[in-house]
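The following explanation leads a new reader through the structure shown here. It begins where two chains meet and then turns to other parts of the model.

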Amino acid sequence: MRKYLYIYKSEVISSLSYVLNIVIGIFSYLLLIFIFFNLWNYIYSDSSDTINGYTIGDMIWYISITEILWSVAGGRKFCRKICDDVRSGNITYNINKPYSYIGYLLSSHLGEVTIKFIIYFISAIIVGFIFVGSFPEITALSIIGTIISMILAIIINSLFIIFIGLVSFYIEDANPLYWLYSKFLLVVGTLFPIEIFPEGIQGFLKLSPIYVITYGPAKLFVDFSVEKFLNIIIAQIIYIGISFGLCKILYKKGVRKLNVNGG
Amino acid sequence: MLTAVKNQIKVALLSTKYGLMREMTNKVTFIMDVTFMILNNASFIIQWIILYSLKDDIGGYTFKQVLLLWGIAASTYGFAHFSFKKAFSISDTINNGKLDSYLVQPKNVLISCITSDIQVSAIGDILYGYIMLLIYGITIQNFILFSLLSISGGLIVVSIAVILGSLSFWIGKSDSIADTGNDLMVKFATYPDGIFKGITKILLFTLIPVGITTYMPVWIMTEFNITYMSIVLASSAFFIFTAFSIFNRGLKRYSSSNLMISKI
């Protein structure tokens with residue numbers, strides 16, 4: 001475990017050199033929030049209206065949190081790196097190291113997104129307050145609960161991206177699979193709470209990764225309760241176990257197919 | 001003059017053709033890139049189905065008009081990235097001295113540079129645009145208008161990328177400015193203009209000309225208007241002219257350390 005902590009710490013320190021890039025990247029995040037602020041303002045003709053239990057303020061806060069989770073993942077670059085490692089044969093440099101490749105990917109990626117997550121979270125709180133003018137009912141417990149849930153959500157998302165990247169063992173380029181996954185997460189998971197969808201598919205969405213990656217943490221921020229917190233955290237732990245197991249199996253089988261020429 | 005332009009276009013088309021042939025050597029990856037980009041764009045239809053279940057009109061657009069908006073935005077983006085991929089990384093080309101290999105070619109430096117590579121997935125964007133047109137209602141007139149407006153919009157998008165990327169001649173690394181500008185164009189282009197008000201709306205028709213690349217084309221397709229059409233075409237010519245002027249002015253300041261690269 002200590003070696004992974006060391007990798008994590010090294011990546012955190014390394015990412016501090018790119019703080020300016022992160023700050024510039026926030027612009028893209030703020031732009032999306034601004035567009036959705038305008039869109040929801042148009043849809044909620046009266047600010048006191050509620051749609052499926054959500055006021056316009058809840059909706060803006062919901063998107064602010066889900067967009068953090070979607071934006072900080074940096075999945076496109078991360079997935080491309082894994083695909084390139086497999087295709088170019090660079091993965092061989094990691095195979096013979098005294099650590100698990102998946103553990104290495106996970107700890108280095110988490111290290112890379114930590115500073116980004118902190119900066120985005122602080123920005124979301126400030127911008128959300130500017131747009132909405134008030135906070136949802138928050139307590140110290142709800143903030144801590146939301147942050148724990150967000151960290152677990154980032155871990156699950158990272159494991160899913162690793163899984164998609166490792167599909168490169170079987171197909172030439174797994175990046176297009178990532179595009180689909182990220183769009184599914186963006187369109188179905190970040191823009192609307194599950195309650196907005198037709199009742200028929202809400203059950204399916206509550207079993208899907210959306211529940212643990214985007215909906216759960218955002219719901220805790222907007223409408224916290226200990227019962228919801230426990231439900232979401234348990235679901236997230238189960239998802240971490242399953243996705244980690246799947247990555248392990250895929251890697252173990254894939255690495256047997258690996259054929260690298262020269263070096 | 002006319003022969004030179006004709007030759008330049010011929011070289012640009014040949015460059016695109018060979019780029020496409022190169023990318024098609026791996027057919028599975030090629031088909032996957034195109035297909036998945038279509039599916040990637042199509043996923044946003046879910047977003048609009050949900051939004052229209054909450055309200056009948058959004059920003060003054062019907063559901064079909066939003067599909068058309070997406071179609072124009074996708075094909076504009078697709079045309080720009082398929083034919084002029086390198087325009088979106090011109091800042092990197094300037095900063096790393098990669099312009100050297102284009103300077104020695106007996107053709108226009110800017111055109112040679114920005115047409116030297118293609119983006120395969122952009123074919124998916126172009127196809128998606130025409131699929132949306134098909135759903136909206138295709139006629140010969142619509143088809144011609146759609147193609148013309150996608151090309152003119154695409155040329156504006158490319159010109160803006162060149163203008164922002166060319167800032168690297170003066171301020172060093174301008175890639176984040178260019179990326180942010182390009183990002184602004186893409187994000188605003190897929191939402192109806194009616195949801196924006198005041199200063200934002202003014203910006204969308206001036207500094208961030210999404211209004212000219214996407215909104216006006218939708219208005220023209222919905223109800224043909226010669227004034228809007230003239231604005232779109234004149235703006236396209238204006239942005240192209242500005243892009244060439246800024247790039248050529250910047251090129252006079254260009255220096256490098258004689259970078260050796262192979263161009264295959």
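**Where chain B meets chain A**

In this predicted model, seven residue pairs are in polar contact across the interface of chain B and chain A, with both residues of each pair at pLDDT 80 or more. Three elements of chain B each give two or more residues to the side that touches chain A: helix 2 (27–42), helix 3 (44–54) and helix 11 (175–189). Helix 2 of chain B supplies the largest share of that side, namely seven residues. Sorted by class, the side of chain B that touches chain A consists of 15 nonpolar, twelve polar and five charged residues.

The extent of the interface can be stated in two ways. Counted by residues, 32 of chain B are in contact with 31 of chain A. Expressed as area, chain B and chain A bury about 2,900 Å² between them, and 79% of this lies on carbon and sulfur atoms.

How many salt bridges are there between chain B and chain A? The count is zero. Over all chains, however, the structure holds eleven salt bridges. Within chain A, Lys81(A) forms a salt bridge with Asp85(A), and their closest N and O atoms are 3.3 Å apart. These two residues belong to helix 4 (residues 75–88) of chain A; because they are four residues apart there, about one helical turn separates Lys81(A) from Asp85(A).

The surface also carries a nonpolar patch, formed by Leu141(A), Val226(A), Leu230(A), Ile234(A), Ile238(A), Ile242(A) and Leu246(A). Together these residues have about 640 Å² of accessible area. Helix 11 (residues 226–257) of chain A provides the largest share of the patch, six residues, while Leu141(A) is found in helix 7 (residues 140–166) of chain A.

Technical notes. Residues numbered from 1 in each chain as written. Chains lettered and ligands numbered in written order. Predicted model: local features only at pLDDT ≥ 70, side-chain atom pairs only at ≥ 80, totals over all residues. Heavy atoms only, no water. Patch = residues over 30% accessible without salt bridge, like charges linked within 9 Å, V, L, I, M, F, W, Y side chains within 5 Å. Areas by Shrake-Rupley, 256 points an atom, 1.4 Å probe, with all protein chains shown as cover. Salt bridge = Lys/Arg side-chain N within 4 Å of Asp/Glu carboxyl O. Contact = heavy atoms within 4.5 Å. Buried area = accessible area lost by both parts, 1.4 Å probe. Polar contact = N/O pair within 3.5 Å; in protein donor to acceptor, adjacent residues only side chain to side chain. Nonpolar A, V, L, I, M, F, W, Y, C, P; charged D, E, K, R; others polar.
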